[in-house]
Amino acid sequence: MTQALHWRRRQLLGTFGALGMSAALPALAQFRVEVTGVGLTQLPIAVATFRGEADAPQKIGAIVQADLERSGQFRAVDSSGAALDEVSRPDVALWRQRAADSLLTGSVTRLADGRYDVRFRLWDVVRGQDLGGQSYSVVQSDLRLSAHRIADFVYEKLTGERGVFSTRIAYVTRAGTRYTLWVADADGENSQTALTSPESIISPAWSPTGQQLAYVSFESRKPVIYVHEVASGRRRLIANFRGSNSAPAWAPDGRSLAVTLTRDGGSQLYTIDANGGEPRRLTQSSSIDTEPAFSPDGKTIYFVSDRGGAPQIYRMSASGGSPERATFTGSYNISPAISPDGRWLAYVSRIGGAFKLQVMELGTSSVTSITDTTADESPSFAPNGKLLVYATIQQGREALMTTTLDGKIKARLAGQAGDIREPDWGPFLKS
Amino acid sequence: MKQLIAIFSLAAILAGCSSPTKLDDVKVEDRTPTTISPSLTPSGSTAGSGGVGQTTVVPVDLDKTQNTAGGPNGSRVVYFDYDSYSVRGGEDQATVDSNARYIRTDRNRKVVIEGHTDERGGREYNLALGQKRAEAVRRSLTLLGVPDAQLEAVSFGKEKPAVQGSDEAAYAKNRRAEISYR
């Protein structure tokens, strides 16, 4: 079965001339994935080099293997020396000896018209069964996407969960006095510029359809909120009220955002239509209320408030109403993120001067500190709820990391020179 | 009035005492004009070399002077203690006072107060803390008679430090509110 893959990401352009935005450049930051940690249950899989991979512009098998390893749920078994493709009948006894439970084979072939034909087959080595395969015809710039789609197929077949390898992340880099908002594959590769600016960009937030990014820009020398359509570069200013406008958070139906405005004096929460317009106030306090985050059913908003004297995370009804405190450990808790199944709350806690990523199971309120770094920021859940991406400082440099929710498997999405921060994980995209 | 009488008296006395000086008798000295060096202090320029010649042109960098052009000659920056969001007495209050006086001279002058924090802490929460500093200065200005309509308080949080560094000396320079004449 052949699938034609479409991904209109060739046109990620910032088009606002005054900021001197450039056309989509090839990714200057080439990410390498470094995976550390050992998980309790990791499925051993051998990913054979795809026939034709050595000559292809993208190493399909290697990309699939890295995706699966980064998920924390797979352990790669050495497959060197194997010359297989999707029509080979593998020697399952051999692979059982190598302690693999599964085997992935495939091929990548350049077609006469310059496109590529990518095929694969997944084998259950234990039972000696063919678990299926697919083929894709793709243009060269979609080769990485085809590898991510294969990783999704394998992940779903073997774990029963939906894979996030074809999703995208947004993040910001600073190089000198130049700030860039990037859109990249979930593995950090294939970064494309959405916006460049001489002033800071913070708090990027993907819309629920993955077509737009809301963010805070300081380009006009005060913080204002834009909603930016990444495929076209068109953007609209939705919040430029008196004072500061920040912390955009999309409601799950994509029709409105919760934001922090200071128009009435002091940082308070408001909702505003995604097309802009008159905001409706949600909180009424004389303290700081900020960093809203919707629950997946859209009915609850989590947010940060220092109404008790120091910043803690609260929850309230999305239509406003009396908030209820959610964090009770520690004296400084910020940056809430809710998992897509609504069961987990990730946030950052300042403990003895260090900023540390915490994960709370909302049903029991039990909290686990899951990193050993001390400058964690900006946690964001993958759309399958199995991973978090966050920014931190590792070995003296700012870096983006992914982690399993228990903290056991981490991967560094290492960038080049230039500070890297503010990641946001995008949603599943319609294929 | 007494001073004027004294002067007139003195003049009268002197007029009576001296013989008039005939200008013909005064030797006229020939003085060639000497070059006068400019004593301007260049504003915002990076021209460095020691001597200032006759053809020197002193550059003015609008980026750097933008915020001081027309502003008071004193400070426009109010500093804050750690975890503090109210204007300190002494020098900081004096800064507010002098800027208030200046703003009040022109009803059309629009002023933005930019609040900042040091680099410690989350970006959005620090944006809100910087806002508190900007609002504190705004309140102080309005208490000194500046119409609120001329003022806007915004925050840069930790995004625009004045000084790079991760020590208390740098932190102290970054915890500030800047009065910006735009």
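User: What is the order of the strands in the open sheet of chain A, and what is the pairing?

Analyst: This open sheet of chain A has 4 strands in the order β10-β9-β8-β31, and the pairing is antiparallel. The model is predicted: local features need pLDDT of at least 70, side-chain atom pairs count only at pLDDT 80 or more, and totals for chains, interfaces and linings use all residues. Residues are numbered from 1 along each chain as its sequence is written, while chains are lettered from A and ligands numbered from 1 in the order in which they are written.

User: Why do β10 and β31 of chain A stand at the edges?

Analyst: β10 (192-197) and β31 (419-425) of chain A each have a single partner strand, so one side of each is without a neighbour in the sheet. From one strand to the next, the twist averages 20 degrees (axes are lines fitted to C-alpha atoms, for helices over the stretch in contact, and angles run from 0 to 180 degrees between N-to-C directions).

User: How do you know that β9 and β10 of chain A pair?

Analyst: Two strands pair if DSSP finds at least two bridges between them. β9 (residues 178-185) and β10(A) have 5 bridges, in the antiparallel sense, so they pair by that definition. Tyr179(A) has Ser197(A) of β10(A) as its bridge partner.

User: What makes α3 of chain A a helix, and how does its span compare with the expected 24 Å?

Analyst: Helices are DSSP runs of H or I with at least four residues, and strands are runs of E with at least two, numbered from the N terminus. α3 (residues 143-159) of chain A has 17 residues. Its first and last C-alpha atoms are 24 Å apart, close to the 24 Å expected; the expected span is 1.5 Å times one less than the number of residues. Gly160(A), whose phi is positive, near 80 degrees, follows α3(A).

User: Why is α3(A) called mostly covered?

Analyst: Of its 17 residues, 13 are buried. A residue is buried if 20 or more other C-beta atoms, placed from the backbone, lie within 10 Å of its own, exposed if 12 or fewer, and partly exposed in between.

User: Why is Ala94(B) called partly exposed?

Analyst: Ala94(B) has 13 other C-beta atoms within 10 Å, so it is partly exposed. Ala94(B) lies in helix α3 (residues 91-103) of chain B. The C-alpha atom of Ala94(B) is separated by 9.1 Å from that of Ser75(B), 19 residues apart along the chain.

User: How many helices and strands does chain B have?

Analyst: Chain B has 5 helices and 4 strands, in the pattern α-α-β-α-β-α-β-α-β along the sequence.
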